[in-house]
2 protein chains.
Amino acid sequence: MKRNSRLSLALHTLGHMAGDPDEIRTSADIAEHAGTNPVVVRRVLGKLREADILTSEKGHAGGWRLARQPDEITLADVYLALDESLIATTADEEKPNCSIEQALHSKVTSVMEEIERSLIERLRATTIADVR
Amino acid sequence: MKRNSRLSLALHTLGHMAGDPDEIRTSADIAEHAGTNPVVVRRVLGKLREADILTSEKGHAGGWRLARQPDEITLADVYLALDESLIATTADEEKPNCSIEQALHSKVTSVMEEIERSLIERLRATTIADVR
DNA sequence: GATCACGCAACTTACGCAGTTACTTTACAA
DNA sequence: TTGTAAAGTAACTGCGTAAGTTGCGTGATC
């Protein structure tokens, strides 16, 4: 796998689920299709379950399923469910004792926050049904 | 040091230089002020030299100096000089043989490119003289 | 109760980057 | 011309993060 793998894995899986919402899928099947490991799949999809995007069932004939309709799940929902940020967080300094550092930090931080909001807004315009 | 250290180091240093453009600074001095190592400073500032933001002189009484006026150096110039991206690059897949992955990749890539352009545009509005 | 699935914790591995060391090159000055 | 002070650079180390892996527990169905 590569960088940004969590979001890629999540979206890829959701895309397939959107195409056949009634099918239940196991971590093993998903992992094989995505070329990764069942435990990794559970880690990532577990985040999506916390955000009420997916449900999982244990036991025989268990697995993963969408918790909502595909057209009610936006890319922003998925992005936010994984805490992972595509925007580099400006490392929180302990104490920017230097005034120039303070000015820079506040400037860059405000720009990045604006960009992040803008990103989420754009992601909200697409649902996983659109990429099916 | 922490995350995003290269951009922080670059901007911090340039901010100080903007306050006193005629002073020549050694890597050792800069490193001490920034709490890091002279070699690291040279690595980062070397990138800025390639972008004609700084000049360096070897030998006795050598060091680093701005190559342009402070108000002619934007945050975008610095950001672009360091190749480092604040926007996570969507890992270049070898061959997305899966059609859903293709659709996702192109969608996410186009959003991210738009966001990156937007970021650069905003960074271009501030010069290092503004944070002095 | 056997099996099949997720849940989870702990460990291993891979990778990037800051940090470090050591050496070379260059410029200036005594 | 020799010594010193600076950048340039290559190679190595250490650390943090994330994926990958293993093992065991838990719950549901047959």
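Which residues of H5(A) meet which residues of H1(B)? In this predicted model, Ile100(A), Glu101(A), Leu104(A) and Val108(A) of H5(A) meet Leu11(B), His12(B), Gly15(B) and His16(B) of H1(B), where contact means heavy atoms within 4.5 Å. Local features need pLDDT of at least 70, side-chain atom pairs count only at pLDDT 80 or more, totals for chains, interfaces and linings use all residues, and side-chain values use heavy atoms, with hydrogens and water left out. Residues are numbered from 1 along each chain as its sequence is written, while chains are lettered from A and ligands numbered from 1 in the order in which they are written.

**Helix H5 of chain A with helix H1 of chain B**

- Axes are lines fitted to C-alpha atoms, for helices over the stretch in contact, and angles run from 0 to 180 degrees between N-to-C directions.
- The crossing of H5(A) and H1(B) is right-handed; a crossing is left-handed if the near helix is turned anticlockwise from the far one by less than a right angle, and right-handed if clockwise.
- The residues in the contact of H5(A) with H1(B) comprise four nonpolar, three polar and one charged. Here Ala, Val, Leu, Ile, Met, Phe, Trp, Tyr, Cys and Pro count as nonpolar, Asp, Glu, Lys and Arg as charged, and the others, Gly among them, as polar.

**Helix H1 of chain A with helix H5 of chain B**

- H1(A) packs against H5(B) at an angle of about 125°, and their axes are 9 Å apart.
- This angle makes H1(A) oblique to H5(B), and the crossing of the two is right-handed.
- On the H1(A) side the residues are Leu11(A), His12(A), Gly15(A) and His16(A), which meet Ile100(B), Glu101(B), Leu104(B) and Val108(B) of H5(B).
- Four nonpolar, three polar and one charged residue make up the contact of H1(A) with H5(B).

**The two H5 helices**

- The axes of H5(A) and H5(B) come within 10 Å and cross at roughly 155°.
- H5(A) is therefore roughly antiparallel to H5(B), and their crossing is right-handed.
- Among the residues that make this contact are Val111(A), Met112(A) and Ile115(A) of H5(A) together with Val111(B), Met112(B) and Ile115(B) of H5(B).
- The residues of the contact of H5(A) with H5(B) divide into ten nonpolar, two polar and four charged.

**DNA strand D**

- DNA strand D is surrounded by 25 residues, of which the closest are Thr36(A), Arg43(A), Gly59(A), Ser27(B) and Arg49(B); a residue is near a molecule or strand if one of its heavy atoms lies within 4 Å of it.
- Of the atoms of DNA strand D that come within 4 Å of the protein, 64% are accounted for by sugar and phosphate.
- An N or O atom in the side chain of Arg43(B) is 3.2 Å from a base nitrogen of DNA strand D.
- For Ser56(B), a side-chain N or O atom is 3.0 Å from a phosphate oxygen of DNA strand D.
- H3(B) gives four residues, the largest share of the surface near DNA strand D.
- That surface near DNA strand D consists of five nonpolar, twelve polar and eight charged residues.

**DNA strand C**

- Around DNA strand C there are 25 residues, and Ser27(A), Arg49(A), Ser5(B), Thr36(B) and Arg43(B) come nearest.
- Sugar or phosphate supplies 65% of the atoms of DNA strand C within 4 Å of the protein, and bases supply the rest.
- A backbone N or O atom of His60(A) is 3.4 Å from a base oxygen of DNA strand C.
- Phosphate oxygens of DNA strand C lie 3.1 Å from a polar side-chain atom of Trp64(A) and 2.8 Å from a polar side-chain atom of Ser5(B).
- The largest share of the surface near DNA strand C is the four residues of H3(A).
- Five nonpolar, twelve polar and eight charged residues form the surface near DNA strand C.

Notes
Parallel < 35°, antiparallel > 145°, perpendicular 65-115°, else oblique. Polar contact = N/O pair within 3.5 Å; in protein donor to acceptor, adjacent residues only side chain to side chain.
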